[in-house]
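Let's take a walk through this structure together, one region at a time. Have the model open beside you and follow along.

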Amino acid sequence: PMMIITQKITSLAFEIHDGMFRKNEDLTPSQRCLAVRRMPSLLEYLSYNCNFMGILAGPLCSYKDYITFIEGRSYQLQQSEANGKEDTKYEQTDPSPNIAVAQKLLICGLSLLFHMTITKTLPVEYNIDENFRATASWPVRVFYLYLSLMAARPKYYFAWTLADAINNAAGFGFRGYDKNGVTRWDLISNLRIQQIECSTSFKMFLDNWNIQTALWLKRVCYERATFSPTIQTFILSAIWHGVYPGYYLTFLTGVLMTLAARAIRNNIRHYFVESPTVKLCYDIITWMTTQVAISYTVVPFVLLSVKPSFTFYR
């Protein structure tokens, strides 16, 4: 709850600053559409920060989206997504959320079942077990690394999907209709499981994991940083998570991984995209590399302490 309220207070502060103290032409398109032009009342402020739907696990939402929902207004708003593209929402009537909520509760149940069965048999700590390190071959250790970190993710899937379902059940989270006329209840969704598990780049993984936090980091830090925005953003993310050394090891490693992945993609990807067969091989290789790189990066995030993290890195 402290982490979520920190996000809400800081994002609202920047939105008020953009709307009341900066010139319109100085704002980016996403800052312009999220800018708050009137100081919220105390009731509005406390409602946004402490509403029952998002007090425990969020997810973060913009103040404008929340107030529009609370006041029952239909609207047209430009909402900046994690990939930087603008998504236009037109005046619309919210349909029933029942199907979306049921689907998300099913995902919650499967994630919880996976966590309580498979995750227990694949502990991350086994990666630094002395006997395992001494007897297992290098490929086996890499494969177990991937499996153990993949098995650690369903608890996050459970918490974030349940939080999303709670908001949807209250009627919050409707984004509109897709091109096929299907309702979209993903306005404040925090993850896309299929894209996470099939990520072929570090950026693709980060864009689909903890989406609202990624947007928060982008809006309050990355877009406003005057130098080294990537480094500043990862450091802020580490500070926001807490004081465990493992967080800092993970996010500092994440800086190196992000810069390396960006450089490799920019320099070699164009050689592999012309032929569908070659592109498929490229996607398979980059998927394997990305999954191992992500797993390697986040082990200290799970282990938390310095000594076991360095034991793993060795």
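A residue is called buried when its relative accessible area is under 20%, exposed when it is over 50%, and partly exposed in between (1.4 Å probe, protein chains only). This is a predicted model, in which local features need pLDDT of at least 70 and side-chain atom pairs count only at pLDDT 80 or more, while totals for chains, interfaces and linings use all residues. Residues are numbered from 1 along each chain as its sequence is written, and side-chain values use heavy atoms, with hydrogens and water left out.

Let's begin with S111. This serine sits in helix α5, where helices (H or I, at least four residues) and strands (E, at least two) are DSSP runs numbered from the N terminus. With a relative accessibility of 7%, S111 counts as buried. If you look from S111 across to L187, you span 21 Å between C-alpha atoms, and the two residues are 76 apart along the chain.

Side chains of opposite charge can pair when their charged atoms come close. Here a salt bridge means a side-chain nitrogen of Lys or Arg within 4 Å of a carboxyl oxygen of Asp or Glu, and a search of the whole structure turns up 11 of them. One joins D164 to K104, with 2.8 Å from N to O. Because D164 belongs to helix α8 (residues 154-169) and K104 to helix α5 (residues 98-121), this pair ties together parts that are 60 residues apart in sequence. Are these two partners buried or exposed? D164 is buried at 4% relative accessibility, and K104 also counts as buried, at 13%.

A second salt bridge links the side chains of R175 and D186, at 3.0 Å from N to O. R175 lies in the loop between α8 and β3 (176-177), and D186 in the loop between β4 (183-184) and α9 (193-197), so the contact ties together parts that are 11 residues apart in sequence. R175 is buried, with a relative accessible area of 8%, whereas D186 is partly exposed at 24%. Elsewhere, salt bridges that share partners join D18, R22 and R224 into one network. D18 is buried, with a relative accessible area of 2%, while R22 is partly exposed at 26%.

Which residues make the nonpolar patch of about 420 Å²? They are I231, I235, I239, Y248 and L252. Nonpolar side chains (Val, Leu, Ile, Met, Phe, Trp, Tyr) are joined into a patch within 5 Å, and like charges within 9 Å, using residues with over 30% relative accessible area and no salt bridge. The areas come from the Shrake-Rupley method with a 1.4 Å probe, and for residues only the protein chains shown count as cover. Helices α12 (229-241) and α13 (245-268) each supply at least two of the patch residues, and α12 gives the most, with three. I235 lies in α12 and is partly exposed, with a relative accessible area of 37%.

Finally, follow α13 to its packing against helix α14 (residues 276-303), where the axes are 7 Å apart at an angle of about 160°. Axes are lines fitted to C-alpha atoms, for helices over the stretch in contact, and angles run from 0 to 180 degrees between N-to-C directions. Angles under 35 degrees count as roughly parallel, over 145 as roughly antiparallel, 65 to 115 as roughly perpendicular and the rest as oblique. The two helices α13 and α14 are therefore roughly antiparallel to each other.
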